[in-house]
Amino acid sequence: MHQPTLRVLRILELLAHSKEGLTLSLIAKKLCIPVGTLSPILKTLQDKNYISCKNRNYYLDTKILELSLSVKNKNSALELLRKYMKEIRDLSGQTCQMGILKGGDVLYLEKFDAHNEVQLKSFVGTTYPAYATSLGKALLEKKSKKELQSIYPKAFEKITPHTLDNIEQLYKELQKIKKDKIALESGEMNP
């Protein structure tokens with residue numbers, strides 16, 4: 001593999017998972033890249049609008065979004081899904097989201113917000129623990145207890161006081177989802 005290209009990709013992936021942005025020295029430390037090597041890479045990415053720098057913290061910038069939207073617009077199956085998602089949102093008056101399981105997280109691929117003042121706090125391109133979201137639980141619904149234990153070998157992160165505590169609670173809730181045909185989240189991800 002081409003190491004300089006991998007280095008750039010690792011930088012972009014690291015910034016994608018940082019909500020507060022990262023300083024030059026922190027990026028260098030996390031990726032084990034010398035500051036002298038990292039600095040011109042960040043400058044080039046910034047000049048081309050792939051990243052931006054505010055208060056010495058680096059963030060992803062608009063060019064990343066442009067690229068992702070370009071992929072979406074060329075995919076006719078995704079366009080068909082987007083059409084139906086809008087219809088679901090309009091008929092239900094509720095936010096409609098689409099995502100996939102990525103390990104134990106749900107990766108949000110698309111979202112159409114409801115036309116009301118209360119909005120769900122989720123963003124396309126972000127991941128949240130699947131056990132703490134209704135979409136994530138819907139995606140986990142067909143998993144056996146053994147599969148859940150494989151997906152979540154460690155204890156659940158307690159995001160709010162209402163976040164599920166363990167596999168047993170999650171499995172019990174997934175059985176209810178199978179029966180009721182609806183997945184709910186009540187203050188588990190956002191208070």
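Author: In this predicted model, helix 4 gives eight residues, the largest share of the lining of the largest pocket. Residues are numbered from 1 along each chain as its sequence is written. Local features need pLDDT of at least 70 and side-chain atom pairs count only at 80 or more, while totals for chains, interfaces and linings use all residues, and side-chain values use heavy atoms, without hydrogens and water.

Reader: What makes a set of grid points a pocket, and which elements line the largest one?

Author: A pocket is an open set of points on a 1 Å grid over the protein atoms alone, where a 1.4 Å probe fits and protein lies on both sides within 12 Å along at least five of seven lines; lining residues have an atom within 4 Å of a point. The largest pocket has a volume of about 1,400 Å³, and A16, L60, V124, G125 and T126 are the closest to its centre of the 34 lining residues. Helix 1, strand 2 (57–60), helix 4 (62–73), strand 4 (105–112) and strand 5 (127–129) supply at least two lining residues each. By class, the lining holds 21 nonpolar, seven polar and six charged residues, with Asp, Glu, Lys and Arg counted as charged, Ala, Val, Leu, Ile, Met, Phe, Trp, Tyr, Cys and Pro as nonpolar, and the others as polar.

Reader: How many helices and strands does the chain have, and in what pattern do they follow?

Author: The chain has eight helices and five strands, where helices are DSSP runs of H or I with at least four residues and strands are runs of E with at least two. Along the sequence the pattern reads α-α-α-β-β-α-α-β-β-β-α-α-α, and the C-alpha atoms fill a box of roughly 55 × 40 × 35 Å along the principal axes.

Reader: Why are helix 1 and helix 3 called roughly perpendicular?

Author: Helix 1 (residues 3–16) packs against helix 3 (residues 35–47) at an angle of about 70°, with the axes 11 Å apart. Angles from 65 to 115 degrees count as roughly perpendicular, so the term applies to helix 1 and helix 3. Their crossing is right-handed, and R7, V8, I11 and L12 of helix 1 meet T37, L38, I41, L42 and L45 of helix 3, in contact defined as heavy atoms within 4.5 Å. That contact has seven nonpolar, one polar and one charged residues.

Reader: What makes helix 1 roughly perpendicular to helix 2 as well?

Author: Helix 1 and helix 2 (residues 24–31) pack at about 115°, with their axes 11 Å apart, and that angle makes helix 1 roughly perpendicular to helix 2. R10, I11, L14 and L15 of helix 1 touch I27, K30 and L31 of helix 2, a contact of five nonpolar, no polar and two charged residues.

Reader: At what angle do helix 2 and helix 3 cross, and which residues meet there?

Author: The axes of helix 2 and helix 3 cross at roughly 120° and come within 10 Å. Helix 2 brings L24, I27 and A28 to V35, L38, S39 and L42 of helix 3, and by class this contact has six nonpolar, one polar and no charged residues.

Terms used. Axes fitted to C-alpha atoms, helices over the stretch in contact; angles between N-to-C directions. Parallel < 35°, antiparallel > 145°, perpendicular 65-115°, else oblique. Left-handed = near helix turned anticlockwise from the far one by under 90°. Points joined across faces, edges and corners; volume = space filled by probe spheres on them.
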